[in-house]
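Good morning, and thank you for coming. Please look at the sequence and the structure on the screen while I speak.

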Amino acid sequence: MSSDTLAKVPAAPEIPERADTLRIVPHRRLGQWTAAVAVLVLLGFAVNSVLRNEAFQWNVVADYFTSDSVLRGLWLTLWLTAVIMVLGFALGTLLAVFRLSANPVLRAVSWAYVWLFRSIPILVQLLLWFNIGALYPHVFGVRTVDLLSPVAVAIVGLTLHEAAQALGLSRWRRLWRIVLPQAMRSIVPPAGNMLIGTLKGTSIVSVIAVSDLLFSVQLVYHRTYQVIPLLMVATLWYTVVTSVLGVGQYYVERHYARGTEAAR
């Protein structure tokens, strides 16, 4: 090859000796930081208005937060939540067995149950059970009003409703055919959410005069007319309990997810 030909060959581009000499300039997200600052400012104004608004009467909130009547209502709320969850899961398991059965009648009963109780609002269900004595004055020779107290009505109504919800938590066949810890990874998250939802849902029993947390504070503010501070008492207790349950759910989920994380 002649020297003239070699002269026409383009020179190879220069390659830096070290790649780390390149300067990486991060992308500036000015809009995101501006939005974040604006949100924090608005949040600060909101918190300040809540803390300094005299209408909240925080001194009244502090006085009633641990009062005997409120604590009794809180205990009944927690007790109702536990009983309803246990009975709801038991009935939901039975319905799941029906659904997995080869008998078409049992499968139809399970489907009809879920369809019915998911179609009727829980408040309507409670009111129907509370007034069941108008339809059946006596059951097994006992007056219905004596057999079903408001607390019993709350347990029956919420249990029947939660059983329909529990049936859709997970495929129960999976629970029986694989190792329990593996099944728990799919069951715990929705079960924890249902527990928290059940706790909050028990507040609806106040409409049938069950002395839960909400009804207890209602009795007080009907007497003292301090509506806002008493509602704040109930709000704070619900927030505290659901937060504790949420933390417990997080650690339980992490416990059963250890095998998955190790496999990764």
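I begin with helix 3, which spans residues 58–65 in this predicted model. Which residues of helix 3 are buried? They are Val60, Val61 and Tyr64. These residues cover an arc of only 105 degrees around the axis, and therefore they lie on the same side of helix 3. The face turned away from that buried side carries Asn59, Ala62 and Asp63, which are exposed.

What covers the buried residues of helix 3? The cover includes helix 4, residues 68–100, together with helix 11, residues 213–224, and helix 12, residues 227–256.

This brings me to the largest nonpolar core, which has 19 residues. The members that touch the most other members are Tyr64, Val70, Leu213, Val217, Leu230, Val233 and Trp237. At least two residues of this core come from each of helix 3, helix 4, helix 11 and helix 12. Helix 12 gives the most, with seven residues.

Let us take Leu213 as an example from this core. If we leave aside neighbours within four places in sequence, Leu213 is in contact with Val70, Gly73, Leu74, Thr77, Ala234, Trp237 and Tyr238. There is also a second, separate core of 14 residues, and among them are Val83, Leu126, Ala154 and Leu158.

Tyr238, one of the contacts of Leu213, is found in helix 12. Is Tyr238 buried or exposed? Its relative accessibility is 15%, so Tyr238 counts as buried. Not counting residues up to four places away in sequence, Tyr238 touches Thr77, Leu199, Ser203, Asp212, Leu213 and Leu214. Tyr238 and Ser203 are 35 residues apart in sequence, and their C-alpha atoms are 9.7 Å apart in space.

I turn now to Thr198, which has its place in helix 10, residues 180–201. Thr198 counts as buried because its relative accessibility is 3%. Its side chain and that of Glu162 are joined by a polar contact of 3.3 Å. Beyond residues up to four places away in sequence, Thr198 touches Thr81, Ile84, Met85 and Glu162.

Two loop residues also deserve a word. Most residues other than glycine have a negative phi. Gln57, in the loop between helix 2 and helix 3, has a positive phi, near 50 degrees. At 29% relative accessibility, Gln57 counts as partly exposed. Tyr225, in the loop between helix 11 and helix 12, also is not a glycine and has a positive phi of about 65 degrees. Tyr225 counts as exposed, because its relative accessibility is 71%.

Let me now describe the chain as a whole. Its secondary structure comes to 13 helices and two strands. Of its 264 residues, 31% are buried. Among contacts between residues at least 6 apart in sequence, 75% join residues at least 24 apart. The chain exposes about 17,700 Å², and carbon and sulfur atoms supply 66% of that area.

Finally, how confident is the prediction, and where does the pLDDT fall below 50? The chain averages a pLDDT of 81, and 78% of the residues score at least 70. Over residues 172–179 the pLDDT is below 50, and this stretch has 15 contacts in the model beyond near neighbours in sequence. Where pLDDT is low, the predicted coordinates should not be read in detail. Thank you for your attention.

Notes. Residues are numbered from 1 along each chain as its sequence is written. This is a predicted model: local features need pLDDT of at least 70, side-chain atom pairs count only at pLDDT 80 or more; totals for chains, interfaces and linings use all residues. Side-chain values use heavy atoms; hydrogens and water are left out. Buried means under 20% relative accessible area, exposed over 50%, partly exposed in between (1.4 Å probe, protein chains only). Helices (H or I, at least four residues) and strands (E, at least two) are DSSP runs, numbered from the N terminus. The arc is that of the directions from the helix axis to the C-beta atoms. Contact means heavy atoms within 4.5 Å. A nonpolar core is a set of buried Ala, Val, Leu, Ile, Met, Phe, Trp, Tyr and Cys residues joined through side-chain atoms within 4.5 Å. pLDDT is the predictor's confidence in each residue, from 0 to 100. Accessible areas come from the Shrake-Rupley method with a 1.4 Å probe; for residues, only the protein chains shown count as cover. A polar contact is a pair of N or O atoms within 3.5 Å; within protein, one must be able to donate a hydrogen and the other to accept it, and residues adjacent in sequence count only if both atoms are side-chain atoms.
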